[in-house]
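Let's take a friendly walk through this structure together.

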Amino acid sequence: MRGGCESRYDRAMSIRQLPETVINQIAAGEVIERPASVVKELVENAVDAGARRIDIATSGGGLTLIRVSDDGGGIPAHELALAVARHCTSKLSGAIDDIRSLGFRGEALPSIGSVARLLLRSRTAEAADGAEIRIEGGAVGKVRPAATNTGTTVEVRDLFYATPARLKFMKGERAEGTAIADVVRRIAIAFPEIRFTLSGPDRLPLEFAATRDRLKRIAQAMGEEFPQNAVALDAAREGVRLTGHASLPSYSRANALQQYVYVNGRPIRDRLVAAAIRGAYADALARDRHAVVALFLELDPALVDVNVHPAKAEVRFRDPGLVRGLIIGAIREALAAAGVRPATSGAAAMLGAFRGGGSPYAHAIPAGGHRGFNPGHRAAPVSYDMLRSPYRPLTPGFGEQAEAPFDGGGARGDAAPAVAETDKRPLGTPRAQVHENYIIAQTRDSLVIVDQHAAHERLVYEALKAANEARPAPTQMLLLPEIVDMPQDDAERLAAHAETLQRFGLVLERFGPAGIRVAGTPAMLGEIDVARLLADLADEIAEQDTAETLRQRLDAIASRMACHGSVRSGRRLRAEEMDALLRQMEATPGSGTCNHGRPTFIELKLADIERLFGRR
Ligand code: ADP
Ligand code: MG
């Protein structure tokens, strides 16, 4: 050490340029995070090459093999060596802010080649023969002739074999395989006219036939039900255009994975956009629910920077406020036009109904009805008819006041109105139940109408959720334990989480190398398909490896159960039951909307009612 001073800094080496392979491996650290990143880069290259058809094959979750073949323009033999060299690209000639291709950094192939064994084989339409080049752990081979069709095939084997530290971070074949499918889906949505296939021994094959119709591709990739449960968007502001589809609140998910966003055809993940989507649904969705969307933003490439991160998935907008406003405005408007509105504006709409003749709810029920929408819930929360028809008297013991019909308020004018203690509560005193589903309650200054089915659903959900969190969920022990066969690694994963699962009421243990013996199931699930539940759980654990996910999953199950299990619609409630329901709602956070984001109650202020009758 210099001067006898102890220092961690020991300048044993002089400054020098890093070897090319190390440079590429450093770049790979950012560009190639996991097998799905390789698929993303290779498929993007095929798209940029003008392919009409892209076939992707994987095995071992992409860690063993990824092969992407396309019928695009191909690479001339004399350029193959350049294609795998760093910072060599055919896509960018001039300014970086006029990027129209998906790639532009010239980094993907050399990065992949530095951490795996890569084979690039290609032929242009003009060439009589094809050629190929290999690069393994950074070592570039010679260009050799190869028989092949027009187009390009890239084969990547043994990903990360040259960087074992990165290999250790992989989540397991199944999770990586799932991530690959998501990447393919994400890109496929942006290019409906290209046919995509994804296959391999590690997965069920995927095929997206070429189509001119973007909506058809969306349905292929996101499920046929999505367009049926979504509103179409088309809005523009100051040179930015937004098209696509956004789900009805009733069609929501427990995570944001099903949000597909594109900027000028490039799939992106952007916090600003994610926040805008959340904002658009703020009134319509519970916080733990996420919309399903396919959003396409189109704007002058100069107004968005795509060169923020090597993976090119992040962007920076020149005017973030504009984009945010456009997204929120467009989604909200489309939802409103479809009749989705928060509780408060629902009350306002109802006022309108009283005032004018026409019902504003007429448009709230789309022709034919949306799936997931129960028109019976929304059709006519209150109407003159309902006020006129003799309401159902409450069961005895609830007090005489209840016997008085709604008659304009004069009937009880005699006695000083005995203000029930409960009138002071937010949801007030239940006075009647109408149409076997709506509880009419009064507070000191308003009339409250509760949708008892929706409310009950939410309460059941919250209770189940709370139970999930607080204490072990009760187990229904099975008369005969069920033995479920499954892949060994699934069985291992489940067994490793046995303790957590038991907290949720699922009692299981390993049974042989590839089996699980289930002794009890969560009582709240009732009769269930045990094998299916285990498969789902194993998938989830493979992907996330956390108990938190299991909780969310059970929450989601709870939500679905609550929905199916809420039998209270159409049931006549006794006064005490109504009262109990309202009090429970008051005590339960989040009970203002049902699990699908619809309001569970609406409130009309007395002042508004008086206005309706021209008293003010
Ligand atoms: P970038 O896509 O940013 O240009 P890459 O490393 O991904 O960088 O690719 C380098 C070059 O190799 C591309 O610019 C392109 O000319 C060529 N190339 C790569 N894949 C293909 C393909 N599937 N078809 C035709 N050319 C390709
Ligand atoms: Mg590329």
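Which helix gives the most to the shell around ligand 1? That is α4, with three residues.

## About the model

This is a predicted model, in which local features need pLDDT of at least 70 and side-chain atom pairs count only at pLDDT 80 or more, while totals for chains, interfaces and linings use all residues. Residues are numbered from 1 along each chain as its sequence is written, chains are lettered from A and ligands numbered from 1 in the order in which they are written, and side-chain values use heavy atoms, with hydrogens and water left out.

## The ligand shell

Around ligand 1 there are 20 residues, where a residue is near if one of its heavy atoms lies within 4 Å of the molecule. Those that come nearest are Asn 45, Thr 89, Ser 90, Lys 91 and Gly 106. Sorted by class, the shell has nine nonpolar, seven polar and four charged residues. In that sorting, Ala, Val, Leu, Ile, Met, Phe, Trp, Tyr, Cys and Pro are nonpolar, Asp, Glu, Lys and Arg are charged, and the others, Gly among them, are polar. Both α2 (35–48) and α4 (108–115) supply at least two residues of the shell. Helices here are DSSP runs of H or I with at least four residues, strands are runs of E with at least two, and both are numbered from the N terminus.

Asp 70 places a polar side-chain atom 2.8 Å from a nitrogen atom of the ligand, and a side-chain N or O atom of Thr 152 is 3.2 Å from a nitrogen atom of ligand 1. On its own, ligand 1 has 530 Å² of accessible area, and the protein covers 93% of that. Accessible areas come from the Shrake-Rupley method with a 1.4 Å probe, and for residues only the protein chains shown count as cover.

Helix α1 (residues 20–31) has 12 residues, which should span 16 Å at 1.5 Å a residue; its end C-alpha atoms are 16 Å apart, in agreement. The expected span is 1.5 Å times one less than the number of residues. Which residues of α1 are buried? They are Ile 23, Asn 24, Ala 27, Ala 28 and Val 31. These residues cover an arc of only 140 degrees around the axis, so they sit on the same side of α1. The arc is taken over the directions from the helix axis to the C-beta atoms. Buried means under 20% relative accessible area, exposed over 50%, and partly exposed in between (1.4 Å probe, protein chains only).

Helix α6 (residues 173–190) reaches 26 Å from its first C-alpha to its last over 18 residues, close to the 26 Å expected. This helix is mostly covered, with 14 of its 18 residues buried.

## Positive phi in two loops

Asp 158 is not a glycine, yet its phi is positive, at about 50 degrees. Asp 158 belongs to the loop between β7 (151–157) and α5 (164–167) and is partly exposed, with a relative accessible area of 29%.

His 435, also not a glycine, has a positive phi of about 50 degrees. You can find His 435 in the loop between β17 (429–434) and β18 (438–442). Is His 435 buried or exposed? With a relative accessible area of 59%, His 435 is exposed.

## Buried polar side chains

Thr 58 is part of strand β1 (residues 53–59) and is buried, at 1% relative accessible area. The side chains of Thr 58 and Asp 202 are joined by a polar contact of 3.0 Å. A polar contact is a pair of N or O atoms within 3.5 Å; within protein, one must be able to donate a hydrogen and the other to accept it, and residues adjacent in sequence count only if both atoms are side-chain atoms.

Arg 289 lies in the loop between α9 (271–280) and β14 (293–298) and counts as buried at 16% relative accessibility. Its side chain reaches the backbone oxygen of Ser 252 at 2.9 Å.
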